[in-house]
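I opened the model to look up a few contacts and some backbone details. My entries follow in the order I made them.

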Amino acid sequence: AFKEALAFKESQGDYFTVNTFGYLGKYQFGKETLKMIGIHNPDYFLNTPELQEKAFIANAKRNKWILRKDISRFAGKRISGVEVTESGILAAAHLGGQGNVKKFFRNGSEFKDGFGTSILTYMEKFSGYKLDLN
């Protein structure tokens, strides 16, 4: 349910879409993020749904590992009235990158994407999902 809810928020679940900022596919990946997980052909990525699904899992696992201490420290707490959960943290990392999530937890720096969606908004919207990252 987590993957599909995030995909719907990002692209209405459309594998073949590119938004006005150039983010690609069902989960709206940036080209730099794709490079970090070993994908160097954005056109092939956009036209290969199976690769998009694998990329989502790889990126979520990478974010979970990088944010493991923050997940341990903050999951179950409330920040600005929002219950922090692992799924909310991983959704926020998908939105703004794990570095911006770390900044948020360290000093309250509130990253917003080009559409004005904040890390805290994603944490709230995607709070409490069961994660299956296989």
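**Entry: Arg 73 and its partner**

I started with Arg 73, which is partly exposed at a relative accessible area of 43%. The model is predicted, so I kept the confidence limit in mind: side-chain atom pairs count only at pLDDT 80 or more. Which residue does Arg 73 form a salt bridge with? I found Asp 70, with the closest N and O atoms 3.9 Å apart. The cut-off for a salt bridge is 4 Å, so this pair qualifies. Both residues sit in helix H5 (residues 68–74). They are three residues apart there, so about one helical turn separates Asp 70 from Arg 73.

**Entry: Asp 70**

Lys 102 forms a salt bridge with Asp 70, and the closest N and O atoms are 3.0 Å apart. This pair links distant parts of the chain. Asp 70 belongs to helix H5 and Lys 102 to helix H7 (residues 98–107), 32 residues apart. I noted Lys 102 as partly exposed, because its relative accessibility is 24%.

Arg 106 also meets Asp 70 in a salt bridge, at 2.5 Å from N to O. Arg 106 lies in helix H7 and Asp 70 in helix H5, so this pair ties together parts 36 residues apart in sequence. Arg 106 has a relative accessible area of 49% and is partly exposed.

**Entry: the salt-bridge count and a network**

How many salt bridges does the structure hold? I recorded eight.

I also looked up a network. Lys 3, Glu 4, Lys 26 and Glu 53 are linked by salt bridges. I checked Lys 26 in detail. Lys 26 lies in the loop between H1 and H2. With a relative accessible area of 4%, Lys 26 is buried. The C-alpha atoms of Lys 26 and Glu 53 are separated by 8.6 Å, while the two residues are 27 apart along the chain.

**Entry: the H1–H2 loop**

I stayed with this loop and turned to Gln 12, which is also placed between H1 and H2. I looked up its backbone. Most residues other than glycine have a negative phi. Gln 12 is not a glycine, yet its phi is positive, about 60°. At 58% relative accessibility, Gln 12 counts as exposed.

Phe 21 was my next stop. Phe 21 is found in the loop between helix H1 (2–11) and helix H2 (31–36). Its relative accessibility is 46%, so I logged Phe 21 as partly exposed. Which residues make a nonpolar surface patch with Phe 21? I found Tyr 23 and Phe 115. The patch covers about 340 Å².

**Entry: the E1–E2 loop**

I went on to the loop between strand E1 (78–79) and strand E2 (82–83), where Ser 80 lies. What is the phi of Ser 80? I read a value near 50°, which is positive in a residue other than glycine. Ser 80 counts as exposed, because its relative accessibility is 66%.

Gly 81 has its place in the loop between E1 and E2 too. With a relative accessible area of 55%, Gly 81 is exposed. I also looked up its distance to Leu 120. Gly 81 and Leu 120 are 39 residues apart in sequence, and their C-alpha atoms are 9.9 Å apart in space.

**Entry: H4 against H6**

My last entry is on a helix pair. Two packed helices are described by the angle between their axes and the distance between the axes. I looked up both for helix H4 (residues 49–66) and helix H6 (residues 86–96). Their axes come within 10 Å and cross at roughly 110°. That makes H4 roughly perpendicular to H6. Is the crossing left-handed or right-handed? I noted the crossing of H4 and H6 as right-handed.

Note on methods. Residues numbered from 1 in each chain as written. Predicted model: local features only at pLDDT ≥ 70, side-chain atom pairs only at ≥ 80, totals over all residues. Heavy atoms only, no water. Patch = residues over 30% accessible without salt bridge, like charges linked within 9 Å, V, L, I, M, F, W, Y side chains within 5 Å. Areas by Shrake-Rupley, 256 points an atom, 1.4 Å probe, with all protein chains shown as cover. Salt bridge = Lys/Arg side-chain N within 4 Å of Asp/Glu carboxyl O. Helix = DSSP H or I, 4+ residues; strand = E, 2+ residues; numbered from the N terminus. Buried < 20%, exposed > 50% of the residue type's maximum accessible area, 1.4 Å probe, protein only. Axes fitted to C-alpha atoms, helices over the stretch in contact; angles between N-to-C directions. Parallel < 35°, antiparallel > 145°, perpendicular 65-115°, else oblique. Left-handed = near helix turned anticlockwise from the far one by under 90°.
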